[in-house]
Every structure is written in C-alpha cells, then in structure tokens.
Amino acid sequence: MTPSAEQDLRWMRHALALAERAAGEGEVPVGAIVVRDGDVLGEGWNRPIAAQDPTAHAEIQALRAAAQRAGNYRLPGAELYVTLEPCAMCAGAIVHARIARVIYGAADPKGGACGSVFDLLPSDSRFNHRTECTGGVFAQVAGALLREFFAAKRAKS
C-alpha cells in the first residue's frame, strides 16, 4: 500500500468517527475533515437539524473551521475527507476554497457531485479550479452507517 493510500485510510477513519458523532446527535451520519501537510485544519459533521441551517453539512462545517484556522477562505493544497460523496452545494464551496483533492467514502446516487449524479468535481470545465476526486475509501463502512441510521429512523415511524 502506498503512503498516500495509507493516509487516505487513516484520515477516513477520523471522518467516520465524526459521522458516528453526527448519528449520536440524531443527524445524518456524515463526517468530514480538511487536512493539509499532514495536519487537520478543520473537522465537521452534519448539523442541519441542531443548527437549524440547511447549509450545515459536514463538508461546510469542516471548510469553515479550516478557513478560520488558516486565516484564509482559500485552502490550496488541502484535502477534504468526507464519508459521503459531496452534494452540489458542497462541491461549489470546495471549488471556492480551492481544495486540491476530495476523498470520499460512499457514493451518493441521489445527489452526488463527483460523478454519481453531477460531475462538478473534477471535470466541469466551467469552473476556474479543478479538484481531484477519489471515491470508495471505506465505502462499505460509510454506507452501512447511513443504511443503519435510516433503518432505525424508519423503524421509529
């Protein structure tokens, strides 16, 4: 296994722990971290319900924290690890932040913007920045978290 692949696994484990935190708070279990040069700049987990904010996705939370820590809304050279393929809203924020690479777990066949539904990252040539995408890192684990969460919700209904 290459050092990069090992790092992807390491950081995705961290994102999965954040997804579990979201689930524990009754939120859809998605976690995200922004890493640059081996340092975590920001982390987040889904919080739209608690924050009463439709933009409080894990990626947005992580990007906000990273920008605050870096003192700049642009995060060149940074990588974003997220347990679920980013949506179109998050893809736009990722482009504006100049994230170099997105690594995600489970694909999102209903709203993913890294090729599942939309192909905004990396290949939409209308953007002035391209972000490399790598999907499927711990996809089964991330997908299982989501399935279990929604199964429990349906069982309560």
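This is a predicted model: local features need pLDDT of at least 70, side-chain atom pairs count only at pLDDT 80 or more; totals for chains, interfaces and linings use all residues.
Helix H5 gives the most to the lining of the largest pocket, with four residues, where helices are DSSP runs (H or I, at least four residues) numbered from the N terminus. Residues are numbered from 1 along each chain as its sequence is written, and side-chain values use heavy atoms, with hydrogens and water left out.

The largest pocket has a volume of about 480 Å³; a pocket here is an open set of points on a 1 Å grid where a 1.4 Å probe fits, with protein on both sides within 12 Å along at least five of seven lines, and lining residues have an atom within 4 Å of a point. Of its 22 lining residues, those closest to the centre are Val28, Leu84, Asp108, Leu146 and Phe150. The elements giving two or more residues to this lining are helix H2 (48–51), H3 and helix H5 (139–156).

Turning to how H5 packs, helix H1 (residues 3–24) and H5 lie at an angle of about 5°, with their axes 11 Å apart, the axes being lines fitted to C-alpha atoms over the stretch in contact, and angles running from 0 to 180 degrees between N-to-C directions. That makes H1 roughly parallel to H5, a label for angles under 35 degrees. Leu16, Ala19, Glu20 and Ala23 of H1 make the contact with Val141, Ala142, Leu145 and Phe149 of H5, contact meaning heavy atoms within 4.5 Å.

H3, residues 58–70, packs with helix H4, residues 88–97, at an angle of about 20°, with their axes 9 Å apart, and H3 and H4 are therefore roughly parallel to each other. On the H3 side, Glu59, Ile60 and Leu63 meet Met89, Cys90, Ala93, Ile94 and Ala97 in H4.

Key. Angles under 35 degrees count as roughly parallel, over 145 as roughly antiparallel, 65 to 115 as roughly perpendicular and the rest as oblique. Grid points are joined across faces, edges and corners, and a volume is the space filled by probe spheres set on the points.
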